Amino acid sequence: MIKFKKGELTNLKSSNPVKMLITDTRVGRNTKALVAGVSERASRHSDAMASVFKAVNSISEEVSSIVELAANDEIAITSKEEKLAELMEMNQGLLQCMGVSHSSIETVLRTTLKFNLVSKLTGAGGGGCVLTLIPTMLSNLVLEKVIAELESHSFRCFKVEVGGQGLQVCQGGFSCFNGDVV
């Protein structure tokens, strides 16, 4: 996992992978227009939006810390996942305050919430993709029901695990980037 902040990438050391469902709403978006909308909202409500931005930053920092915590048994893993779910829920609420949600994103949120799962938009919002935390203890049957319902809305779903060993990007077969300078 990586943290991207102000153009800087930081590798997060994560011994436990986090299971996620990525739902592609198939709704295109205009990142430039979304960013401009947030900027305009911040101009109209500078104090309130400054508090929203500060809260988003605090959540991001706390998520980074939780991701890096080692969890050695099911109780610790479940506790870690519950904290991540709560922070994801708070973050999504703040993103809605910024005005970057979309009816397709809200459909994903309502659908996953029916199964007691927490989701949040990713990227600029306004459509695009939504991340849903998949608890380790969730049955495959429930997950398949969630996916079926999301796909009934013409969304595409991808099950992924992030963290743990992670992805390595290799260039020309000679050097790989795994968060360390090579």
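This is a guided tour of one protein chain, to be followed in a viewer.

The model is predicted: local features need pLDDT of at least 70, side-chain atom pairs count only at pLDDT 80 or more, and totals for chains, interfaces and linings use all residues. Residues are numbered from 1 along each chain as its sequence is written, and side-chain values use heavy atoms, with hydrogens and water left out.

**The whole chain**

Begin with the chain in cartoon view. Its secondary structure comprises five helices and eight strands; these are DSSP runs numbered from the N terminus, helices being H or I with at least four residues and strands being E with at least two. Along the sequence the order is β-β-β-α-α-α-α-β-β-α-β-β-β. The radius of gyration is 17 Å, close to the 16 Å that the globule rule gives for 182 residues, so the chain is as compact as a globular protein of that length. Here the radius is taken over C-alpha atoms, and the rule is 2.2 Å times the number of residues to the power 0.38. The C-alpha trace spans about 45 × 40 × 35 Å along its principal axes.

**The nonpolar core**

Next, select Leu21, Met98, Val100, Leu133 and Leu150. Within the largest nonpolar core, which has 36 residues, these five touch the most other members. Such a core is a set of buried Ala, Val, Leu, Ile, Met, Phe, Trp, Tyr and Cys residues joined through side-chain atoms within 4.5 Å. Buried means under 20% relative accessible area, exposed over 50%, and partly exposed in between, with a 1.4 Å probe and protein chains only. Helix H3 gives the largest share of this core, seven residues. In soluble globular proteins, nonpolar side chains tend to be buried together.

Now centre on Leu150. Leaving aside neighbours within four places in sequence, Leu150 is in contact (heavy atoms within 4.5 Å) with Leu21, Thr23, Val108, Thr111, Thr112, Phe155 and Cys157.

**Helices H4 and H3**

Select helix H4, residues 103-113. Its buried residues are Ser104, Ile105, Thr107, Val108, Leu109, Thr111 and Thr112, and they pack against E3, H3, E4, E5 and H5.

Move to Gln92, which is in helix H3. Is Gln92 buried or exposed? Gln92 counts as buried because its relative accessibility is 3%. Not counting residues up to four places away in sequence, Gln92 touches Ser101, Ile105, Glu106, Leu109, Ser119, Lys120 and Leu121.

**The largest pocket**

Turn to the largest pocket, with a volume of about 1,400 Å³. Of its 39 lining residues, Phe4, Ser60, Asn91, Lys120 and Thr122 are the closest to its centre. On a 1 Å grid over the protein atoms alone, a pocket is an open set of points where a 1.4 Å probe fits, with protein on both sides within 12 Å along at least five of seven lines, and lining residues have an atom within 4 Å of a point. Grid points are joined across faces, edges and corners, and the volume is the space filled by probe spheres set on the points. Helix H2 gives the largest share of the lining, eight residues. By class, the lining has 27 nonpolar, eight polar and four charged residues.

**Two loop residues**

Finally, select Lys6, in the loop between E1 and strand E2. Its phi is near 50°, a positive value in a residue other than glycine. Lys6 counts as exposed, at 83% relative accessibility. Ser154, in the loop between H5 and E6, has a positive phi of about 70° although it is not a glycine.

Key:
Ala, Val, Leu, Ile, Met, Phe, Trp, Tyr, Cys and Pro count as nonpolar, Asp, Glu, Lys and Arg as charged, and the others, Gly among them, as polar.
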